[in-house]
Structure formats: C-alpha cells, structure tokens
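Take a first look at the chains and how they meet. The report comes after the display.

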Amino acid sequence: MELVFNAIITIFQPINFSLTLLGVLIGTLFGAIPGLTATLAIALLSPLTFNMDPISSMLLLLGIYAGGMYGGSITAITIRAPGAPANAAVVDDGYALTLQGKGGVAIGISNVAGVVGGLFSCIAMIFLSPLLAKFALMFGPAEYFSVTLFGLTAVFAVSGKSFIKGVFSALLGLLLATVGYDPILPFSRFNFGIAPLSRGLSFLPAVIGMFAFAEVIRLVLEYKEEEQQMVKVDRVVPNLQEFKESFRFMIRGGIIGVLIGILPGAGGTIASYVSYGDVRRNARHPELVGKGSLEAIAGPESANNAVSGGAMIPMLTLGIPGDSVTAVLLGAMMIQGIQPGPLLFKQHLDVVYPIFAGMILSNVSLLFIGMLVVKPISRIALIKKPLLISFLMIFGVIGSFASSNSIFDVLVAICFGVLGFFMDRFDFPIAPTVLAMILGPLLENSLRQAMITSNGSPLIFFTKPISVVFLAIALITSLSMIYRERKQAKPLPSGF
Amino acid sequence: MKNLKKALVIILIFSLSLGLVACGSQPAQNNPPAQSGQSTAPAAPAYPTKPMEMIIVWSAGGGSDLAARLMGDYAAKELGQSFVYQNVTGANGAIGWDQAANSPADGYTVANLTFDVLTNQAMGQTPIKYEDFDLIMQFTTQPVGVFVPGDSPYQTLDELLAAAKEKPETLQMGTTPLGGFFHQASGLLEAAADGAKFKYLPFKGSAEIIAALSGKHVDAGIQTLTGMEQHVENGSIRVLAILANERSKMFPDTPTAKELGYDVAWESWRGFGVPKGTPEEVKTILEDAFKKAYDNPEFQQKATEAGLDLYYRGSADFKTMLDEQYPNVESVLRQLEFIK
Amino acid sequence: MKADLFAGISGLFLSIVVWLISASFPVFAVSKAGPAYYPRAIALIFGLACLGLIFQTLKKKEAGNPMTGYLWLRLAVIVGILIAYYFCIRSLGYFFSTFFAGIALAMYVFQKFTVRNLLLSTANAVIICVSIYFIFTILLKAPLPRGLLF
C-alpha cells in the first residue's frame with residue numbers, strides 16, 4: 001500500500017507530472033501530422049531520455065504513446081488524411097461527419113473513446129496482467145495463424161461496395177507483403193536486383209503513400225478555386241446522449257484492443273479495424289456505419305488506445321514487446337537498468353506502480369490536452385488548400401524517409417500514393433490492402449512455423465482448441481458479414 | 001494572411017512543445033566551440049571538426065541500437081564532437097553496411113558492426129565483406145546458452161543431445177531465422193554430438209524464442225544470455241549449458257559445453273569500423289577516443305546496468321578474431337547446407 | 001467498369017508472374033517449404049479472385065468514376081512534381097528541394113500566378129522547411145536527407 005502512495009507521489013512530482021503532460025502533447029501532435037507517428041517520436045526521443053531518471057523517462061514515453069494513438073483521428077476526421085495508420089479506420093465516418101458539420105463532436109467522441117479505452121486497458125493491465133500473460137503464452141504457431149486469419153476477416157467490414165473488390169485489395173496487400181526477406185530463410189524475394197527492395201516494402205512508407213499522398217493527388221485533381229471549404233469545428237464536447245450511444249462500443253473496443261495488444265505483432269491498426277468490423281455487425285444503426293456514425297468512431301478509437309495497456313502486459317511480465325512502440329519502451333527501460341520479465345512484479349514494484357500510475361495519469365490528461373488541441377489542430381482544415389497540399393506532401397516525404405532513414409522509402413511512398421489514388425478512384429477499398437500488409441508477414445510466419453511443427457500436416461490447425469475457436473469465429477463473422485451485406489445490397493429479394 | 005497566421009500558430013505550438021522537451025531532458029551538454037571547418041590544417045589532423053555520423057543497421061530502440069548509442073555518446077565526448085545516429089535497417093544489416101562502406105573514408109562515418117556481417121558475407125548475398133571496414137574496436141560479446149522450458153524432462157545437455165540423437169529431427173529447437181547466428185551455434189553443437197539432429201523452429205528474434213520457451217512450444221532454444229536471468233531465476237526456463245570458452249558471470253553454476261565434452265564456443269559481438277582507406281591518423285584518434293570512453297567508469301557502470309556483456313578488443317585483436325571466426329562461419333553454413 | 005476489367009486482367013497477369021518467378025527460388029535443405037511456398041499460395045488465390053472480378057464485371061455493367069483527359073494531365077503533373085522532388089532530395093539534399101517542391105506544388109494548385117499567391121506559397125514553404133529542420137536536426141539530432149547543397 002505504501003508503494004502505491006509512493007507511486008502517486010512520484011508521478012505528481014512537478015517534473016514527472018509536466019513530462020507526462022508534455023509527452024501526451026508531443027504524442028498528439030506527432031500523431032496528428034500525417035507522416036509522423038508516435039512510434040517515430042518515441043524512437044527519436046528515447047536517446048534523449050538516457051540521462052533522465054528512469055521513471056521520468058518512462059512517463060514521458062508513456063505520455064507520447066497515449067497521445068499518439070489519439071492525435072491522428074483529428075486529421076483523419078477534419079481533412080480525410082489520417083495522422084497515423086491506427087486512425088485510418090475512422091476516416092470514412094469521421095470525414096462524413098465533418099461534411100455534415102459534426103466534425104467537432106466526432107473528434108470529441110474520439111478523444112473520450114481513447115481515454116475510456118486507455119483507462120480500460122490500464123485496469124486490465126493492473127488486475128489481469130499475470131492471467132493475460134499466461135493466456136498470451138498459450139499461443140503457439142497454429143494459434144497465431146488462426147488468430148491472424150480471424151484478423152483478416154476484418155477485411156469484409158471495410159470492403160465498401162463490393163466484396164470481390166475488397167478481397168482483391170486484401171490479396172494484393174498479402175502479395176505485396178511477400179517482397180523482401182523470407183521470414184525464416186536467408187533469401188530475399190522479388191527484389192529484381194534492387195538492393196533497397198531486398199528488405200521489403202516498408203509498411204509505414206506504404207501507408208503514408210496510400211493515405212497521405214493519395215489524398216494529395218485527389219485534392220489536386222479535385223481542387224476548385226471558388227470552393228473555400230468552411231469546415232467549422234464548433235462544439236467539441238459530446239453531449240450525454242452522444243456519449244451514452246457510443247459508450248457500448250468504447251467498452252467493446254477496449255476489450256478488443258487489450259486482447260489484440262497482448263498478442264505481439266498486430267498493434268493499434270489491426271485493433272481499430274477489428275473493432276470497426278464489430279461496430280459494423282452490432283451497431284444500433286448499421287446503415288449509418290461508413291456514412292457518419294459516432295459508434296464507428298468510438299469503437300476503433302477506443303480499441304487503438306486500449307492496445308497500449310494490452311501491449312504493456314507481455315512487455316512488463318515477460319520482457320516481450322507487443323508492438324513497435326513497446327519495443328522501444330523496452331529498450332528505454334533496459335538502458336535504465338530495469339529488466340522487464342517475470343520477476344519485475346515481484347522485485348521491482350517500486351518501478352511497476354509508477355508505470356501503472358503514469359499510464360492512468362497520461363490517459364486522464366489525454367482528456368484535457370486532447371480537448372485543448374482540437375481547435376488549434378483542426379484549423380489545419382482552414383489553411384488554403386494549395387498550402388495544405390504542399391504541407392501534406394512535405395511531411396509525407398519526410399515521414400517516409402525518417403522511419404528508416406532511407407531515401408528509397410520516399411519512392412515507395414510515391415508509388416503507393418499513385419496506387420492508392422487509383423484504388424480509391426475506382427472504388428477498390430484501400431483499408432484491406434493496409435490490413436493485409438500488416439498481417440501478411442504474421443500470416444506467413446505462423447503458417448510456415450506451424451507447418452514445420454506438424455511436418456506439413458494442416459491438421460494442426462484443427463487439433464489445438466484455441467486455434468479451432470478462432471477459426472470458427474473467423475468463419476462465422478465472415479459468413480454473417482457476407483449474408484448481411486447481401487441482404488442490404490438487395491433490399492427486396494424475391495421470397496424474403 | 002489570416003490563414004497564414006493560423007498555420008504559424010500550429011507550427012509554433014509544435015516547435016515550442018519540442019523545445020520544452022529539450023530543456024527537460026538535459027541533452028549531452030558538449031556543445032563544440034564552433035563549427036569552423038572551412039579550412040583543414042595541412043599537417044596535424046584537425047579531426048573531428050564537425051559532428052560525425054554513425055550508421056546503425058538495427059532498428060532504433062533495440063538492443064544493438066542502444067548499445068551502439070551508449071558507446072557512441074561516450075566516445076563523442078572524448079572526441080569533443082557529437083554523433084548523428086542513423087538507423088539504416090534491412091536485409092539483415094546489409095543495406096546499412098553497404099551505405100557505410102561506400103561513404104567517404106574521412107572518419108566522419110562510423111559503422112556499428114555486428115556478427116551478422118560475417119553471416120551475410122558467407123551467404124554471398126551481399127557484396128560487402130568485413131574486410132571493407134577498417135576496424136576500430138569490439139566492445140561487447142554475447143555468449144549463447146542452450147535453454148529448455150522449466151519443466152522439461154531434460155536435465156543436462158547430454159540428455160538433450162542423446163534424445164536428439166535417438167529421435168533425429170523430432171525435438172523442436174527454437175532459433176532465429178535459419179542460417180543466422182543461433183542456428184549456426186546449434187549446428188556446431190549437432191556436429192560436436194555427432195549424429196544429433198534437431199527440428200528447427202525459426203522465430204523473429206530473442207523475445208519470441210523466450211515466449212516459445214516459457215509457453216513450451218519448443219523443446220529447447222538457443223539464445224543469448226542477455227535478458228534470460230529473470231526467466232531462469234523464476235524457474236520458467238532452465239539453462240543447460242553455455243557455448244563459450246568460460247563460464248558466464250550471470251550463471252556461474254552452469255557448465256560450458258567444453259566442460260561437458262562438446263567443443264563448441266560461439267560468440268556474437270558488437271564493434272565499430274570505418275570505411276577502408278581512412279587515414280591512419282584519423283583512425284588512431286578514433287581508436288584512442290573509443291578506448292578512453294570504454295575505460296570510463298561511468299560508461300562501464302551504465303553499460304552493466306543496461307545488461308551489456310562488455311569485452312574489449314582493440315583494432316588489431318579485433319581483426320585477428322574476425323580472421324579466425326570467418327572461416328568457421330563458412331564451414332558451419334556449409335555443414336548446414338546453406339552454401340556449397 | 002473498364003477499370004475493374006483492367007484491374008482483374010492485370011491482377012491475373014501479376015499472379016502468373018509471381019508464380020513463374022517463384023519457380024526459380026532456391027530450395028533449402030533445412031526446410032521443406034521454401035521461400036516460394038507462401039507467395040505461390042497467395043498468388044493462386046489472388047488469380048482466382050481476379051477471375052471472379054473479371055466475371056462479375058462482365059456480368060454487371062456499372063458506371064464508375066471516369067478519368068477525363070484533364071484529370072490525367074493534372075495527375076501527370078502532380079506525380080511529376082513528386083518524382084522530381086524525390087530526385088532533387090537525392091542529389092541536392094533536404095533543404096533546397098523541399099523549399100522548391102513546396103512552392104512548386106502550391107503554385108501549381110493555385111493556378112493563378114499572382115504576387116500574393118507566390119508570397120503565400122513561399123512563406124508556407126519557408127515555415128515548414130525551417131520547422132522540420134529545427135525539430136529533426138536541432139532538437140532530435142536525427143538525420144535529414146543530405147546532398148550537394150547541405
């Protein structure tokens with residue numbers, strides 16, 4: 001108990017408190033600017049924290065983590081360019097709401113959802129860590145394959161008008177993800193002798209291309225001088241009614257986020273899409289999803305913030321990072337001489353409790369800072385279009401370069417920009433490609449590991465209980481989505 | 001004009017917030033006097049007169065990256081300049097080393113080298129050789145160990161290898177991608193136990209191997225000792241043997257493979273090099289600075305806290321070690337049928 | 001619909017190419033399922049999906065978003081600017097290429113060449129350039145692309 005009080009005193013020390021707030025602010029801003037992400041902010045800032053007190057540096061990085069998952073939704077909603085991949089799921093509904101004049105409320109809901117999801121994941125982390133860590137350890141190759149396949153069924157939720165086009169986009173993404181090194185053998189595939197291609201198409205530049213550059217191209221093509229958009233963000237704080245309506249999905253998103261967070265490799269982007277699929281199936285007004293539903297903002301935005309707490313669980317209890325952000329956090333802890341692992345909770349509660357308290361604090365302060373920055377950041381939509389376009393282009397270029405200091409990645413982003421533009425133009429959904437590019441390597445890796453384990457027999461997927469459960473869920477969700485979509489597509493089919 | 005002002009406000013907020021960070025985080029306060037590098041003095045090498053660049057081939061925030069930055073920061077203090085760190089990742093390091101080896105040989109580009117440079121060279125998929133670098137120093141060594149899940153039936157290395165001999169290719173051994181460092185170590189072990197054969201389950205990295213061991217998805221795993229202490233102490237993972245010449249400080253009661261009669265010692269390392277052809281005087285300055293930084297007690301303490309296994313080799317010793325190690329890498333890869 | 005047909009056919013072509021290229025991938029003694037295993041499986045499914053798409057497109061005729069000649073021209077210009085920016089940044093480095101690309105794109109979108117627009121674009125480019133330089137190079141000590149002109 002004394003440790004809990006000490007932890008609270010520690011985080012409320014002026015330096016720690018202000019670093020947490022600063023972290024949230026930096027995270028939100030990096031998240032909001034298309035091209036820059038929280039992961040980049042953490043990677044760039046963590047060397048500067050070497051000389052800081054361990055707790056202070058963790059609090060700063062945790063703040064960035066919390067802010068970064070939320071910030072991108074502001075630009076996704078106001079200018080249709082998601083600041084980070086994890087916010088891409090809210091683009092359709094968010095921008096539709098902006099056009100209806102309800103952009104402010106959409107951002108407000110996104111903020112509240114982020115806080116609810118984040119706090120939910122903190123509670124899960126504090127009370128269920130050992131249990132959830134055990135659960136994560138039950139996942140072997142076969143289980144990973146099935147759960148990844150389940151993740152891919154989210155494709156059906158984001159396929160837009162035509163399923164076959166959604167499947168086409170997803171498979172294209174899976175195919176593009178095979179470029180570069182084989183996950184288990186020392187051989188580089190489809191590199192056509194181009195050296196930088198041998199490491200594969202990096203995910204971040206691809207996403208920057210498909211979202212930011214494609215948007216740049218679209219804006220240029222559709223620009224008309226007379227039309228000076230009057231996107232006004234008036235009311236940001238959602239009213240009780242709006243909050244009540246979407247609260248259900250904030251909790252559901254929280255659960256999805258925590259569960260996806262504890263499984264290494266997937267992260268916020270997948271969590272938000274899976275939650276979007278959940279909203280699509282279970283929303284009160286399913287017909288509104290994709291056309292401006294607050295529920296469809298609440299779910300994904302809660303899920304991506306909840307990933308943070310989920311991903312912290314294997315990182316703290318096993319020393320295994322769940323996503324790129326926790327990987328950097330793990331490094332930052334190790335350089336401070338704190339080795340996360342099964343004994344951290346037994347030996348270093350003096351470190352663990354301040355981390356818990358810090359995560360709660362950063363989520364709570366996200367509520368205030370998030371609301372505070374909405375107006376200034378959403379003014380981005382008021383910048384004259386030509387200037388905004390060149391702003392997006394430059395940050396896209398710098399962002400794709402900075403993710404791995406490779407000028408080649410800028411070219412990758414440009415190519416994906418053109419691809420993304422054409423896909424969008426001709427109604428091929430982009431989201432399935434993005435999903436598939438994240439899940440592709442996980443799918444291949446787990447498939448081939450499972451095949452090695454079983455000596456090539458696919459029966460392994462049907463003999464492990466967890467694997468069977470996820471395969472069944474995957475089958476049921478995809479069938480139900482297809483069925484619903486059919487019913488909606490043909491309003492009055494004969495015989496029904 | 002109004003819009004312009006708004007744009008300014010946004011960017012100002014952004015810049016200001018980052019400015020605050022700089023204040024809060026006390027960056028290394030070694031501001032060099034001034035960057036007066038317009039004319040180079042003819043005789044005595046005026047080096048370094050501007051910030052230097054360090055190419056790190058692993059991603060930011062990972063173990064190798066942190067180790068390189070820590071060493072680099074202390075060396076930079078000795079040099080009176082700073083390093084700009086560039087993480088150029090991909091293709092098992094080949095991309096970054098290619099860029100480093102083709103940088104001007106003026107001492108302003110330093111490459112962080114790791115064991116994988118040897119693997120890449122032996123596999124023949126990259127034109128870069130370790131000989132393309134003039135070596136500066138080695139500063140860590142990472143011995144590997146053989147680990148089993150806590151409740152594994154195998155109590156000793158002998159029992160494990162005997163089982164692998166009895167039922168070849170059924171015991172699952174967790175490694176990182178095939179052909180890499182851990183797989184090579186395991187291949188050497190197979191050869192030493194003549195006739196033992198494992199079934200290899202490759203994982204992305206150490207963290208995944210630890211998870212597979214804790215979750216009993218593999219029968220055994222080869223792993224560096226770094227980061228294993230807690231798992232062993234906790235009882236979820238046991239260590240059977242260390243594949244090194246000497247016992248480790250971390251697990252003093254665990255025998256080495258050599259003690260058990262298997263002549264296998266396989267260690268990974270980290271070091272620094274500069275592009276071949278860098279002037280001797282510049283190299284001497286770098287070597288001295290890195291050596292001094294290595295001997296700095298503050299560095300030693302920080303590195304130990306961060307779990308690094310420090311080990312120093314100067315440029316000559318480092319070169320000798322690599323000259324010895326490289327043929328072994330080739331031969332084990334041949335034995336594992338990766339190269340002919 | 002023309003676009004769908006085009007996508008279907010080129011997708012089919014792509015899957016065949018992937019299938020053929022993977023035929024030349026090496027086989028490793030240590031693992032039965034080699035580097036070609038998974039790409040081939042995906043290419044096969046992708047090819048089937050493309051056939052499905054082609055079939056569906058031929059069956060149902062729907063009008064899509066057309067691309068007019070004017071749009072193609074604008075597309076060519078913007079992609080041209082992006083590519084030029086890429087090559088400039090490679091050779092000249094971050095500062096000048098970003099500055100000029102920023103102005104060029106903004107001016108192109110403005111369409112009207114007035115002093116006011118030029119001033120706005122220039123100020124915009126300067127602010128963005130300097131703030132990125134400030135954040136990356138000065139605060140975070142992270143590298144930006146470099147070239148002949150610093």
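## Basis of the model

This is a predicted model, where local features need pLDDT of at least 70, side-chain atom pairs count only at pLDDT 80 or more, and totals for chains, interfaces and linings use all residues. Residues are numbered from 1 along each chain as its sequence is written, while chains are lettered from A and ligands numbered from 1 in the order in which they are written.

## Chain A with chain B

Chain A and chain B each put 55 residues into their contact. Two residues are in contact if their C-beta atoms, placed from the backbone, lie within 7 Å. On the chain A side, the elements giving two or more residues are α2 (14-32), α3 (38-45), α14 (324-335), α16 (349-378) and α19 (431-453). Helices (H or I, at least four residues) and strands (E, at least two) are DSSP runs, numbered from the N terminus. α14(A) gives the most, with six residues.

By class, this side of chain A has 36 nonpolar, 16 polar and three charged residues. Ala, Val, Leu, Ile, Met, Phe, Trp, Tyr, Cys and Pro count as nonpolar; Asp, Glu, Lys and Arg as charged; the others, Gly among them, as polar.

## Chain C with chain A

Here 56 residues of chain C touch 50 residues of chain A. Chain C contributes two or more residues from each of α1 (2-22), α2 (37-59), α3 (69-92), α4 (94-110) and α5 (115-139). The largest share, twelve residues, comes from α2(C). This side of chain C has 40 nonpolar, twelve polar and four charged residues.

## Two domains in chain B

Chain B is divided into domain 1 (51-141 + 268-335) and domain 2 (142-266). Such bounds come from an automatic or database domain assignment. The domain centres, taken over C-alpha atoms, are 27 Å apart.

In chain B, 14 residues of domain 1 are in contact with twelve residues of domain 2. α4 (116-123), β4 (133-149) and α11 (315-335) of chain B each supply at least two residues of the domain 1 side. The largest share, four residues, is from α11(B). The domain 1 side divides into five nonpolar, seven polar and two charged residues.

## A covered helix in chain A

Helix α5 (residues 91-99) of chain A has eight of its nine residues buried. A residue is buried if 20 or more other C-beta atoms lie within 10 Å of its own, exposed if 12 or fewer, and partly exposed in between, with C-beta atoms placed from the backbone. The buried residues include A:Val91, A:Tyr95 and A:Leu97. Their cover includes α4 (54-79), α6 (103-137) and α13 (295-318) of chain A. Just after α5(A), A:Gly101 takes a positive phi of about 85°.
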